[in-house]
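This briefing goes through the structure shown below, topic by topic. It begins with the ligands and then turns to the chain and its backbone.

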Amino acid sequence: MAKTRTTLWTDVDRYLTDTLIRPDAALDAAIAAAEAADLPPISVSPPQGQLLHLLVKLVNAKSVLEIGTLGAYSTIWMARALAPGGRLLTLEADPTHADVARSNLERAGIADRVTLRLGRALETLPTLSPADGAPFDVIFIDADKPPLADYFVEALRLSRAGTLIIIDNVIRDGAVADPSSRDASVQGVRRLNDRIAATPNVEATSIQTVGAKGYDGFTLVRVEENV
Ligand code: SAH
Ligand code: DHB
Ligand code: MG
């Protein structure tokens, strides 16, 4: 019998991971600790983590902001790509997730480069200032999806010309194209897209992906000048 699509996508992700992604004890341990603590299995996949790492390196980032830490799996990928002396600030609302993340960051040996701020992002984002690393070179938005447009507006406030904003989970099994969807996350992505489209001086694209996490995608936005 033919493989289901998701089985095939998972098999290919495993093949790509085994072939291209260097094995790493700290990243494996971070996933194992998140599983042991019953955190939801929604960290970026290994190839996606490697993509975040490459993007942070390609822009030579010294200052990175992440919204949505979970067990710090994506955090570790990005923090390891920082330019020398660089720093990463990650925002997390759930104290249990934050505890797992802190211990994973310690184990990975990068706790000195990373600050975890506990609190709801809509409350912590407006408090961020140059003392926290703003304007950031890269901003990764990966928390709850209904307020995506609000996170994007805050991200713009914390950007400079050249900042790269990355938003995860923006295709949602294709539901993003359904204007009548009653899913609050889908409507969150649609409001985000309208906001991006209405923002002058940004260039953006959204890329559909398949893999071990199903059918989803990510958006890349480059800020052309501060808006
Ligand atoms: N970036 C992680 C996955 C993040 S999952 C990785 O790829 O490894 C989303 C995280 O956002 C969860 O840990 C959840 O607790 C957190 N979150 C949800 N709503 C939030 C909010 N309002 N403010 C801050 N964090 C939030
Ligand atoms: C969900 C959130 C994520 O950040 C993700 O990568 C996958 C799924 C979710 O809330 O379902
Ligand atoms: Mg995500």
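**Ligand contacts and fold**

In this predicted model, a polar backbone atom of Gly68 lies 2.9 Å from a nitrogen atom of ligand 1. The protein covers 90% of the 580 Å² of accessible area that ligand 1 has on its own.

**Ligand 1**

- Around ligand 1 there are 21 residues, and those that come nearest are Ser74, Glu92, His97, Ala121 and Asp142.
- By class, this shell consists of 9 nonpolar, 6 polar and 6 charged residues.
- Ser74 brings a polar side-chain atom to 2.8 Å from a nitrogen atom of ligand 1.
- Ala121 makes its contact through the backbone, with an N or O atom 2.8 Å from a nitrogen atom of ligand 1.
- The space that ligand 1 takes up is the second largest pocket.

**Ligand 2**

- The residues surrounding ligand 2 are Ile42, Asp142, Lys145, Asp168, Asn169 and Lys213.
- Sorted by class, the shell of ligand 2 holds 1 nonpolar, 1 polar and 4 charged residues.
- In the side chain of Lys213, an N or O atom is 2.5 Å from an oxygen atom of ligand 2.
- Lys145 places a polar side-chain atom 3.3 Å from an oxygen atom of ligand 2.
- Ligand 2 sits in the second largest pocket, which is also the space taken by ligand 1.
- Asp142 is one of the residues that come nearest to ligand 1, and Asp142 is also among the residues surrounding ligand 2.

**Overall chain**

- The protein chain has 8 helices and 7 strands.
- Its radius of gyration is 17 Å, close to the 17 Å that the globule rule gives for 227 residues, so the chain is as compact as a globular protein of that length.
- The C-alpha trace of the protein chain spans about 55 × 45 × 30 Å along its principal axes.

**Backbone features**

- Ala134 and Pro135 are joined by a cis peptide bond, with omega at about -5°.
- Pro135 belongs to the loop between helix H6 (121–124) and strand S4 (138–141).
- Leu70 is not a glycine, yet its phi is positive, at about 50°.
- Leu70 lies in the loop that runs between strand S1 (63–67) and helix H4 (73–79).
- Ser74, whose side chain has a polar atom 2.8 Å from a nitrogen atom of ligand 1, falls within the residue range of helix H4 (73–79).

How values were computed: Residues numbered from 1 in each chain as written. Chains lettered and ligands numbered in written order. Predicted model: local features only at pLDDT ≥ 70, side-chain atom pairs only at ≥ 80, totals over all residues. Heavy atoms only, no water. Near = heavy atom within 4 Å. Polar contact = N/O pair within 3.5 Å; in protein donor to acceptor, adjacent residues only side chain to side chain. Areas by Shrake-Rupley, 256 points an atom, 1.4 Å probe, with all protein chains shown as cover. 1 Å grid on protein atoms, 1.4 Å probe; cavity = no way out; pocket = protein on both sides within 12 Å on 5 of 7 lines; lining within 4 Å. Sits in = over half its atoms within 2 Å of the grid points. Nonpolar A, V, L, I, M, F, W, Y, C, P; charged D, E, K, R; others polar. Helix = DSSP H or I, 4+ residues; strand = E, 2+ residues; numbered from the N terminus. Rg over C-alpha atoms; globule rule 2.2 N^0.38 Å.
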